[in-house]
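Hi,

Here is the structure I promised to send over. Have a look at it first, and then read on for what I found.

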Amino acid sequence: MPSPTADPSWLSVEDGANPAREREIESLFAIGNGYFGMRASLVEGARFSHPSTFVAGIFVADGVMGPRRAVLPDWSHFEVEVEQERLSLGVGRVLAHRRQLDLRQGILWREWRQQDPSGRITRLTYFQLASLADRHVLLQSVAITAENYAGRIRFTGRLCPSDMAGTDVEQIDAVSGSLLMSVPGKDIGIATASELQSLPASVPPRHESGPDGREEQWSWEVTLGQTVRLNRIFTIFTSRDVASPATTARDHVASIRAHGFRALAAAHLEAWRRRWEEAEVRIMGDDVAQRALRFATYHLIAAANSADEHVSVGARGLTGEAYRGHVFWDTEVYMLPFYLLTAPPTARALLMYRYHTLGGARRKAREQGFDGALYAWESADTGNEATPRRAVLPDGRIVTILTGEQEHHISADVAYAVWQYWRASGDDTFMLEAGAEILVETARFWASRAQAEPDGRAHIRQVIGPDEYHETVDDNAFTNAMAIFNLETAADAMEILQRKRVADWPRLCTHIHLAREEPARWRALAGALVTGFDPATKLFEQFAGYHQLDEVDVVTQRGCATPIDTCLGPERIRRSKAIKQADVVALSALLWEKWPTAVHEANFRYYEPRTAHGSSLSPAFYALVAARLGDRALALAYFRQAAEIDLANNMGNAAGGVHMGALGALWQAAVFGVAGLRMCENGIVLDPHLLPGWAEMAFPLQWRGRLLHVHLNADPRRIEVIVEKGDELTVAVLEGPACSARGGQRVVSRGNGSGWANWEVGQ
Ligand code: BGC
């Protein structure tokens with residue numbers, strides 16, 4: 001049976017029980033496997049706890065507010081009674097209470113010693129996991145010890161609350177240990193089945209199922225000091241996956257039962273071991289950063305499912321209800337690089353979600369009077385725009401939300417991700433089947449969206465850029481530069497595919513209705529679009545007119561509990577230069593190669609003091625760019641700020657789920673910023689700037705079928721790359737000579753990277 005990882009650096013630990021923090025702990029300690037996720041609620045329930053299970057892709061219609069990811073019942077719920085006295089944190093004395101999220105093994109542990117009002121001390125220890133080896137399986141193992149008494153212990157397990165309170169589903173049927181539910185207004189069935197086994201055989205249980213099959217009770221007469229254990233196997237299927245979820249859920253329990261609980265747990269541990277092997281970033285010398293990266297990696301692994309190309313990762317993953325389970329640019333821009341370099345099939349599945357939702361994107365473009373594909377700013381199951389049109393502020397005021405209508409950069413962000421995936425994977429099949437169509441349809445959108453004007457240039461007016469404090473602006477630099485990227489790469493992709501895939505080319509052209517002159521038109525438009533760049537100052541003006549706005553003191557305001565947009569109010573913030581999040585600086589993070597370092601430096605120094613970091617996405621991108629600029633102290637400060645978004649709840653909203661984009665961006669800050677990794681045509685380039693205190697850093701990555709291990713030392717400076725498998729590629733240190741290495745070789749550069757030594761691995 002599993003036991004908690006011995007090395008404490010792999011554990012997130014919460015001692016005691018603090019009602020005020022409970023919702024936050026539920027998010028941070030959530031378990032998941034990309035198919036489903038469960039918040040880490042107290043199984044026995046509590047007034048302050050909010051148990052929820054989510055299945056990726058299951059949404060409920062929520063009136064004018066549009067789709068919201070459905071909250072499903074908490075299948076892990078159980079209660080324990082000792083001599084008819086129910087164990088509860090609020091009754092008697094809590095002698096010990098500890099929850100641990102085991103990041104290495106993907107397991108939630110809880111240990112609880114409770115003294116009831118009659119003086120009986122019961123120890124309850126349990127773990128639960130969402131299997132990464134079989135995504136339809138959840139395991140729970142509960143041990144109950146009568147520490148200082150002999151008597152009757154009763155366990156009541158329930159598949160759902162009696163009235164489905166707190167959930168979005170309706171019960172259709174319940175037969176012993178299995179439950180069939182539906183989502184109101186949707187043609188979706190969800191089924192779960194469960195089976196329990198009592199141990200040890202020497203303590204015979206009494207077992208009864210409740211009249212409606214949703215509840216079962218187990219009781220034992222225990223002697224002093226005796227422990228009883230229940231192992232519970234759950235399965236879950238929906239009509240999205242199989243024709244008959246109820247039968248499949250039951251049959252699946254029956255078929256996996258034969259393997260035994262231990263073997264099921266072992267398969268899960270092995271799956272996590274492999275994922276960590278592919279994804280672990282190791283930092284020597286900075287335990288805080290190490291822990292933060294492990295936490296980020298854990299949630300990134302737990303959020304995505306390579307086997308389902310009809311779902312994507314929402315802004316809060318499967319850990320909470322904030323943002324209604326919707327998918328934003330967070331996925332393509334902030335999370336996808338992690339999957340791209342550690343689990344390419346997952347990156348592919350996430351992009352296929354955008355392919356399958358092209359219909360919604362085409363509809364949205366048409367509705368706004370444009371061609372091609374304009375992706376939903378907030379996307380759910382269909383790809384239709386899901387951004388609510390209004391929101392109620394905490395003070396009761398109703399505000400109109402314009403992002404759904406105006407935040408158009410999303411289309412270029414998706415195109416950017418397609419291009420990155422193709423470059424890093426070399427997956428031509430994906431391009432031919434899906435990627436090319438996304439690139440072309442998004443390029444067509446920009447071709448109709450941008451307008452040629454009398455100044456001889458093309459403009460994109462009335463948008464919202466990443467900085468959402470300023471709405472309805474003209475020529476947002478980020479939007480325009482990303483549109484240029486989209487237009488140029490669509491044209492490049494057509495050229496490459498025409499040359500490289502001669503046999504497939506005619507079919508592709510027919511399928512995407514490519515007109516011969518289109519790529520040239522895209523290039524011409526890309527050349528005509530304004531970017532707001534001023535060669536004299538090297539600054540991009542964030543949008544037309546930004547430089548005329550009022551200066552406000554953003555830096556002083558950062559320390560205040562109230563965010564600057566609330567303090568200033570919408571009118572003043574609009575007239576000010578205060579920006580919500582990385583906007584021009586996000587361009588530096590994404591398109592570094594496009595401009596010289598001096599341009600990045602100028603823009604970073606200009607926008608940094610004006611950025612309020614009102615979005616969780618912002619600090620890690622500032623860390624990334626600061627590290628690339630070699631400002632290691634500032635990079636570390638931003639890295640810490642990004643790391644604390646969930647771990648210290650420094651934005652105060654972790655209760656709604658962990659911030660998946662920020663977690664992905666933290667990984668990028670380490671790999672693209674600190675290690676300075678760039679991908680080029682023939683291989684990789686590194687430009688390490690290890691942060692203060694970071695003695696060593698190591699990470700694996702996958703690039704076009706090669707598996708690499710990068711190991712960096714700060715002092716003396718040393719870069720080592722092991723090519724574990726794959727064909728030859730080039731490895732270079734920025735501005736130094738490149739060397740070649742193939743599978744089974746190890747290359748090392750010391751000092752300034754002016755020379756490389758190449759050995760066979762093992763030498
Ligand atoms: C940010 C967006 C982000 C969204 C979801 C907003 O506050 O401004 O950039 O996509 O949150 O994380």
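One thing to keep in mind throughout: this is a predicted model.

**Helix α7**

On one side of α7, R366 and E367 are exposed. The buried residues of this helix, which spans 358-367, are L358, G360, A361, K364 and A365. Looking down the axis of α7, you'd see those buried residues fall within an arc of 160°, so they line one face of the helix. The spacing makes sense if you recall that an α-helix has 3.6 residues a turn, so residues three or four places apart point the same way.

What do the buried residues of α7 pack against? There are three partners: α6 (344-356), α8 (403-406) and α10 (428-449). Just after α7 comes G369, with a positive phi of about 90°.

**The ligand**

- D330: an N or O atom of its side chain is 2.5 Å from an oxygen atom of the ligand.
- W329: here the distance from a side-chain N or O atom to a ligand oxygen is 2.9 Å.
- Y323: a ligand oxygen is 3.0 Å from an N or O atom of this side chain.

On its own, the ligand has 310 Å² of accessible area, and the protein covers 92% of that.

**D286**

Next, go to the loop between β20 (282-284) and α4 (287-303), where you'll find D286. Is D286 buried or exposed? D286 has a relative accessible area of 5%, so it counts as buried. Its side chain makes a polar contact of 2.8 Å with the side chain of W694. If you leave aside neighbours within four places in sequence, D286 is in contact with L636, R640 and G693 as well as W694.

Where are the cis peptide bonds I'd point you to? One runs from L199 to P200, with omega near -5°. P200 sits in the loop between β16 (189-199) and β17 (206-209). Another joins D715 and P716, with omega at about -5°. For P716, look in the loop between β30 (706-713) and β31 (718-725).

Q84 has a phi of about 65° and lies in the loop between β7 (78-82) and β8 (85-86). With a relative accessibility of 73%, Q84 is exposed. D475 has a phi near 50°, and its loop runs between β24 (458-459) and α11 (477-500). D475 is buried, at 8% relative accessibility.

Cheers

Technical notes
Residues are numbered from 1 along each chain as its sequence is written. This is a predicted model: local features need pLDDT of at least 70, side-chain atom pairs count only at pLDDT 80 or more; totals for chains, interfaces and linings use all residues. Side-chain values use heavy atoms; hydrogens and water are left out. Buried means under 20% relative accessible area, exposed over 50%, partly exposed in between (1.4 Å probe, protein chains only). Helices (H or I, at least four residues) and strands (E, at least two) are DSSP runs, numbered from the N terminus. The arc is that of the directions from the helix axis to the C-beta atoms. Contact means heavy atoms within 4.5 Å. A polar contact is a pair of N or O atoms within 3.5 Å; within protein, one must be able to donate a hydrogen and the other to accept it, and residues adjacent in sequence count only if both atoms are side-chain atoms. Accessible areas come from the Shrake-Rupley method with a 1.4 Å probe; for residues, only the protein chains shown count as cover.
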